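I opened the model today to look up contacts, surface and confidence. My entries follow the order in which I checked things.

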Amino acid sequence: MSVTRQDVREIALLARLGIEERAIAELAVELNSILAHMDVLQRVDVSGLVPPAIAPSGLRPDVNDSVSLDRGLSQIAPEFRDGFFLVPRLTTHDASAVAGAEGDA
């Protein structure tokens with residue numbers, strides 16, 4: 001199987017990707033390289049291999065442990081105001097960066 005330039009255009013259209021015309025040939029080469037690699041992997045003889053175990057004790061039982069939401073809001077979240085759950089700010093977000101962004105709006 002070989003990927004053509006037209007195939008790349010159709011894949012991009014289906015994926016709703018905007019690809020510049022000059023990149024189409026390069027993408028076709030890359031996709032053909034990936035497919036060639038997959039063809040090599042398909043030819044590897046794995047008939048003598050035993051699949052690895054998922055876990056030493058097997059799979060855990062599938063237990064339905066759903067949480068009932070039929071309780072007060074204070075039991076669901078620590079803070080609730082104006083119809084919204086309040087959550088702590090992520091430590092990865094700098095307060096000064098947020099303040100600067102609010103001023104830009």
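I began with the rings and found 1 aromatic pair in the structure. The partners are Phe80 and Phe85, in an edge-to-face arrangement, with 5.1 Å centre to centre and 70° between the planes. My rule for rings: those of Phe, Tyr and Trp (its six-membered ring) pair if their centres lie within 6.5 Å; planes under 30 degrees apart are stacked, over 60 edge-to-face, and the rest tilted. I then looked up the cover on both rings. Phe80 is partly exposed at 36% relative accessible area. Phe85 is partly exposed as well, at 46%. For these classes, buried means under 20% relative accessible area, exposed over 50%, and partly exposed in between (1.4 Å probe, protein chains only).

**Ground rules.** I noted that this is a predicted model, where local features need pLDDT of at least 70 and side-chain atom pairs count only at pLDDT 80 or more, while totals for chains, interfaces and linings use all residues. Residues are numbered from 1 along each chain as its sequence is written, and side-chain values use heavy atoms, with hydrogens and water left out.

**Layout and confidence.** I read 4 helices and 2 strands in the chain. Along the sequence the pattern is α-α-α-β-β-α. Helices (H or I, at least four residues) and strands (E, at least two) are DSSP runs, numbered from the N terminus. The mean pLDDT of the chain is 82, and 81% of its residues reach 70 or more. pLDDT is the predictor's confidence in each residue, from 0 to 100. Where pLDDT is low, the predicted coordinates should not be read in detail.

**Salt bridges.** I next searched for a side-chain nitrogen of Lys or Arg within 4 Å of a carboxyl oxygen of Asp or Glu. The count is 4 salt bridges. One of them joins Glu21 to Arg5, with the closest N and O atoms 3.4 Å apart. Glu21 lies in helix H2 and Arg5 in helix H1 (residues 5–14), so this pair ties together parts that are 16 residues apart in sequence. Glu21 is partly exposed at 45%, and Arg5 is partly exposed at 39%. Arg22 and Glu20 meet in another bridge, at 2.8 Å, N to O. Here Arg22 is exposed at 71%, whereas Glu20 is partly exposed at 45%. Asp39 pairs with Arg43, the closest N and O atoms being 2.7 Å apart. Asp39 is partly exposed at 36%, and Arg43 is exposed at 58%. I also traced shared partners: Arg5, Arg9 and Glu21 are joined into one network.

**Surface.** Which share of the accessible surface belongs to carbon and sulfur atoms? I read 59% of about 9,800 Å². Accessible areas come from the Shrake-Rupley method with a 1.4 Å probe; for residues, only the protein chains shown count as cover. Of the 105 residues in the chain, 6% are buried.

**Nonpolar patch.** My last entry concerns a surface patch formed by Ile11, Leu31, Ile34, Met38, Leu41, Val44, Val46 and Leu49, with about 710 Å² of accessible area together. Patches are made of residues with over 30% relative accessible area and no salt bridge; like charges are joined within 9 Å, nonpolar side chains (Val, Leu, Ile, Met, Phe, Trp, Tyr) within 5 Å. Helix H2 (residues 21–42) gives the most to this patch, with 4 residues. I checked Ile34, and this residue lies in helix H2.
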